[in-house]
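Please look through the sequence and the structure first.

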Amino acid sequence: MARAFTRVGSVLVTAGVAMATPAIAFAAPQAPAGPQTAAAATPAAAQHHWKILWQPPSDEATAKAYWKTMKISGQKQKKGNWCGPAAAASALSYHAKVGSGTQASLAKKMATDKIGFTSPIAMGREMTNYINKAWKTKGTKYKAHRSVKNANLWNGTRYSYARGQGPLVLTVYARKSWYPKAGKAVAHYVVIYGFDDTTKWSDSTYLIWDPAHGKRKLKATQWEKIAYAGKFVVVW
């Protein structure tokens, strides 16, 4: 089912858009019917929703099973303005082999040094080109989407995980996220490579790869508070 993100041609467009919830449903497994008498009926066991819709457990040890992750090889950015190329290379490592020179190659193709930052449009294009070359295939894979709301991002993340489409790349304000001393207009790229498997988006947490730091976590309710102008997400 197609996700209703909207592709854009400018990093400054902020028009709203809605995304339909992916049609991913898992039926709860049913216990086999057993003999029962009217005099001694056994109380029905509580039904649980399994997999993505499963109710999270209360104990921490069991809760580990609810973290859904997409395996990546996270890269640290090699230059101050290479968070975009590093984030893209990290996300691409889920799909194909990524080498030590991938960051520099992507930075050149996305004109990161030429314009001083990485356009999410260019990122989607070059990530697609990288995968197509590695897989010897054609067609659009990654692309930039705008005006992504909190619930939409959670739905999109679960959809990408369920379909094996890989990590998502987010554009955030550096100052509003983890770098309070950054300039007001400084953008930063990070990667979602996992999430806490809850029944409500507002209860979930994302596993984040930050090219300037390493592993982090982000509450699903915080995305719109730190999202860069346009609320851009680069996703398959």
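The model is predicted: local features need pLDDT of at least 70, side-chain atom pairs count only at pLDDT 80 or more, and totals for chains, interfaces and linings use all residues. Residues are numbered from 1 along each chain as its sequence is written, and side-chain values use heavy atoms, with hydrogens and water left out.

**Confidence**

pLDDT is the predictor's confidence in each residue, on a scale from 0 to 100. Its mean over the chain is 81, and 72% of the residues reach 70 or more. Residues 1-57 have a pLDDT below 50; this stretch makes 96 contacts in the model beyond near neighbours in sequence. A contact means heavy atoms within 4.5 Å.

**Overall make-up**

Seven helices and seven strands are present in the chain. Both are DSSP runs numbered from the N terminus: helices are H or I with at least four residues, strands are E with at least two. Their order along the sequence is α-β-α-α-α-α-β-α-β-β-β-β-α-β. Of the 236 residues, 44% count as buried. Buried means under 20% relative accessible area, exposed means over 50%, and partly exposed lies in between (1.4 Å probe, protein chains only). Among contacts between residues at least 6 apart in sequence, 62% join residues at least 24 apart.

**Nonpolar cores**

A nonpolar core is a set of buried Ala, Val, Leu, Ile, Met, Phe, Trp, Tyr and Cys residues joined through side-chain atoms within 4.5 Å. The largest core has 22 residues, of which Met123, Met127, Val169 and Val234 touch the most other members. At least two residues each come from helix H2 (83-92), helix H5 (120-135), strand E4 (187-196) and strand E5 (205-210). H2 contributes the most, with six residues. Beyond its neighbours within four places in sequence, Met127 is in contact with Ala88, Ala91, Leu92, Tyr142, Val169 and Val234. A second, separate core has 18 residues, including Val148, Val190, Ile208 and Ala227.

**Aromatic rings**

There are four aromatic pairs in the structure. Rings of Phe, Tyr and Trp (its six-membered ring) pair if their centres lie within 6.5 Å; planes under 30 degrees apart count as stacked, over 60 as edge-to-face and the rest as tilted. Two of the pairs are listed here.

| Pair | Centre distance | Plane angle | Class |
|---|---|---|---|
| Trp135 and Trp236 | 5.8 Å | 40° | tilted |
| Tyr142 and Trp236 | 6.0 Å | 65° | edge-to-face |

Trp135 lies in helix H5 and Trp236 in the segment after strand E7 (233-235), so their pair ties together parts that are 101 residues apart in sequence. Tyr142 is in the loop between H5 and strand E2 (143-145), 94 residues from Trp236. Trp135, Tyr142 and Trp236 form one aromatic cluster.

The charged end of Arg158 sits over the ring of Trp154, 4.2 Å from its centre, and that of Lys176 sits over the ring of Tyr173, 4.6 Å from its centre. The criterion is NZ of Lys or CZ of Arg within 6 Å of the ring centre and within 35 degrees of the ring normal.
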